[in-house]
Amino acid sequence: ILFFSFYLTIPLYSSSNMERSDRYSCYSNPDDSVKNDKKGKKDKLEDRDKTSKNKSKITFETFDKNYARAMRFYTNQQYLSAARIFEELYPLTLGTPHADTILFTFANCYYLNQDYELAAFHFKDYSRRYAGTPKAEEAYFLCVKSIYYLSPTHSLDQFETKYAIEEIGYFFKQYPNSRYVEECNAMLDQLREKLARKDFEMAKLYYYTENYAAVQIYVKNFMKDHPASNLAPEASYLLIKSNFDFARKSVDSKQLERYLQCLDAFATLNANYPGSPFVEQATKYAVDAEKAIEKINAKKQR
């Protein structure tokens, strides 16, 4: 059995630094710099194949030499070059005490190079394979954080956002007393607000296209799904405006019912968010709705 006498002594990750801009910079080697050109997966695989052809295969005999080379790349922030070597080193360490350290460093190379898809994959692989090691919790957290960074803007499909929320939930179950709870809660709030923004923008779209019935459905679902959202008061205000316009543009037989719905929505806004500036803005619609109801009732009495 071949024993590898090496030690990892450089820090891999500092959880106290949440600022991405501080952690990443452009490096001297263009091949290892943070990806600004968003190369496609096909191009990255082709580059990787070319690199593999130009170097000799790593063996047990050349392990120490290549490990030292990988660590030099890592120390110099040439993370992609380091990752390519670590990927070949890792299978040679399986069954030894060094396998988990190599895999963690390998995953961290992708994380520091902002390749969050690969980082998430390898960190999750680590958390499954080496669940009992000291770095298992950190690996799972970095997996979660990588998925969080993959979450796109609210206007795009939110699969990654929902996936990140799901993984944070699993993380909490596995590590309820984790030192990363506060950071995970902060990410969770932002992810949930992103989903809320997407639903709210859809409700606004229906309002601007005068599909008032759809606005009622979307706002009610919004309040059910995102009751703690910062957008909740504005969503309630949108429902008031929508109900008022719906009533104003309705046939006479439907106006009374829809003006009353406007007043109901105003009462809900006032009760749930009494200090919101949207209460003052919505008061105009409530007053006009009451006047319209008085006129309708006056007509009925004639």
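This is a predicted model: local features need pLDDT of at least 70, side-chain atom pairs count only at pLDDT 80 or more; totals for chains, interfaces and linings use all residues.
Visitor: Let's start with the helices. How many residues does helix 7 have, and what span does it reach?

Guide: Helix 7 covers residues 136–150, which is 15 residues. From first C-alpha to last it reaches 21 Å. At 1.5 Å a residue, 21 Å is expected, and the helix comes close to that.

Visitor: Is helix 7 mostly covered or mostly uncovered?

Guide: Mostly covered. Of its 15 residues, 14 are buried.

Visitor: And what span does helix 11 reach?

Guide: Helix 11 has 17 residues and reaches 24 Å between its end C-alpha atoms.

Visitor: How many salt bridges does the whole structure hold?

Guide: A search finds nine. Take D245 and R248 among them; their side chains meet at 3.3 Å, N to O. Both residues sit in helix 11. They are three residues apart, about one turn of the helix.

Visitor: Is D245 buried or exposed?

Guide: Buried, because its relative accessible area is 9% and the limit for buried is under 20%. R248 reads otherwise: at 43%, it counts as partly exposed.

Visitor: Which parts of the chain does the bridge between E210 and K249 tie together?

Guide: First the contact: the E210 and K249 side chains meet at 3.0 Å, N to O. E210 lies in the loop between helix 9 and helix 10, while K249 lies in the loop between helix 11 and helix 12. The pair therefore ties together parts that are 39 residues apart in sequence. Both partners are partly exposed: E210 has a relative accessible area of 49%, and K249 has 45%.

Visitor: Next, the backbone. What is the phi of E210?

Guide: It is positive, about 60°, although E210 is not a glycine. Keep the setting in view: E210 is placed in the loop between helix 9 and helix 10.

Visitor: What is phi at Q77, and where does Q77 lie?

Guide: Phi of Q77 is near 65°, again a positive value in a residue other than glycine. Q77 lies in the loop between helix 3 (63–75) and helix 4 (79–93). At 33% relative accessibility, Q77 counts as partly exposed.

Visitor: On to the surface. Which residues gather in the patch of positive charge?

Guide: K291, K295, K299 and R302. Start with K291, which is placed in helix 13, residues 277–301. K291 is partly exposed, with 48% relative accessibility.

Visitor: Which residues make the nonpolar surface patch?

Guide: M202, L205, I217 and Y218 make a patch of about 340 Å². Y218 is found in helix 10. Its relative accessible area is 30%, and Y218 counts as partly exposed.

Visitor: One cysteine to finish. Is C184 buried or exposed?

Guide: C184 is buried, with a relative accessible area of 0%. C184 lies in helix 9.

Visitor: What separates C184 from F171?

Guide: Their C-alpha atoms are 8.8 Å apart. Along the chain, the two residues are 13 residues apart.

Definitions and conventions
Residues are numbered from 1 along each chain as its sequence is written. Side-chain values use heavy atoms; hydrogens and water are left out. Helices (H or I, at least four residues) and strands (E, at least two) are DSSP runs, numbered from the N terminus. The expected span of a helix is 1.5 Å times one less than its number of residues. Buried means under 20% relative accessible area, exposed over 50%, partly exposed in between (1.4 Å probe, protein chains only). A salt bridge is a side-chain nitrogen of Lys or Arg within 4 Å of a carboxyl oxygen of Asp or Glu. Patches are made of residues with over 30% relative accessible area and no salt bridge: like charges are joined within 9 Å, nonpolar side chains (Val, Leu, Ile, Met, Phe, Trp, Tyr) within 5 Å. Accessible areas come from the Shrake-Rupley method with a 1.4 Å probe; for residues, only the protein chains shown count as cover. Lys and Arg count as positive and Asp and Glu as negative; His and the chain ends are not counted. The place of a charge is taken as NZ of Lys, CZ of Arg, CG of Asp or CD of Glu.
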